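Please read them with the coordinates open.

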Amino acid sequence: MGCNITTEWVSGNVFIRPMILAKAGDVVQGHAHNFDHTTIVFSGSVRIEAKTPDGREIDRVFKSPRPDWAGGSHALIKAEVAHKITALEDNTIAWCVYAHRD
């Protein structure tokens with residue numbers, strides 16, 4: 001079980017990392033960054049499990065938007081927060097969008 005990261009795009013100071021999670025249960029293993037980033041869910045849904053530096057645990061589900069783009073389809077993950085992303089549906093596509101330089 002894993003994630004297919006096809007490439008990383010750079011647009012100025014913005015980096016975009018597409019993630020394709022082909023099967024429900026595919027996982028982007030737990031990790032943390034030294035910068036904030038946003039995860040946008042374009043299709044399917046994901047569970048994001050996170051742990052803040054002070055030990056607070058967060059467990060939330062994010063689903064792809066309805067056709068009118070309403071709903072909770074993105075998550076802001078703050079710097080230094082350890083997090084794991086798990087697909088809840090087949091054919092889930094999400095992007096991590098971030099800047100890691102000034």
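1. Lys78 is partly exposed, because its relative accessibility is 47%; buried means under 20% relative accessible area, exposed over 50%, and partly exposed in between (1.4 Å probe, protein chains only). Asp36, at 33%, is also partly exposed. Lys78 and Asp36 form a salt bridge, with the closest N and O atoms 3.1 Å apart; the term requires a side-chain nitrogen of Lys or Arg within 4 Å of a carboxyl oxygen of Asp or Glu. Lys78 sits in the loop between β8 (74–77) and β9 (82–87), and Asp36 in the loop between β4 (27–31) and β5 (37–43), so this pair ties together parts 42 residues apart in sequence. Strands here are DSSP runs (E, at least two residues), numbered from the N terminus.

2. On provenance: this is a predicted model, in which local features need pLDDT of at least 70 and side-chain atom pairs count only at pLDDT 80 or more, while totals for chains, interfaces and linings use all residues. Residues are numbered from 1 along each chain as its sequence is written, and side-chain values use heavy atoms, with hydrogens and water left out.

3. The whole structure contains four salt bridges. Another of them joins Arg47 to Asp59, where the closest N and O atoms are 2.7 Å apart. Arg47 belongs to strand β6 (residues 45–51) and Asp59 to strand β7 (residues 57–63), so the separation bridged in sequence is 12 residues. Arg47 is partly exposed at 31%, and Asp59 is partly exposed at 47%.

4. Glu49 and Lys84 also meet through their side chains in a salt bridge, at 3.6 Å from N to O. Glu49 is in strand β6 and Lys84 in strand β9, so the pair ties together parts 35 residues apart in sequence. Relative accessibility is 31% for Glu49 and 29% for Lys84, and each counts as partly exposed.

5. How many aromatic pairs does a search of the whole structure find? It finds four, where rings of Phe, Tyr and Trp (its six-membered ring) pair if their centres lie within 6.5 Å, and planes under 30 degrees apart count as stacked, over 60 as edge-to-face and the rest as tilted. One of them, Trp9 with Trp95, is edge-to-face, at 5.1 Å centre to centre and 85° between the planes. Trp9 is in strand β2 (residues 9–11) and Trp95 in strand β10, so parts 86 residues apart in sequence are tied together. Trp9 is partly exposed at 38%, as is Trp95 at 24%.

6. Phe15 and Tyr98 make a stacked pair, with 5.6 Å between centres and 10° between planes. Phe15 lies in strand β3 (residues 14–21) and Tyr98 in strand β10, so this pair links parts 83 residues apart in sequence. Both Phe15 and Tyr98 are buried.

7. Thr92 is in strand β10 (residues 92–98) and is buried, because its relative accessibility is 0%. A polar atom of its side chain lies 3.4 Å from the backbone nitrogen of Ser45. Beyond neighbours within four places in sequence, the contacts of Thr92 (heavy atoms within 4.5 Å) include Met19, Leu21, Ser43 and Ala87.

8. Ile93, also placed in strand β10, is partly exposed, with a relative accessible area of 34%.

Methods:
Helices (H or I, at least four residues) and strands (E, at least two) are DSSP runs, numbered from the N terminus. A polar contact is a pair of N or O atoms within 3.5 Å; within protein, one must be able to donate a hydrogen and the other to accept it, and residues adjacent in sequence count only if both atoms are side-chain atoms.
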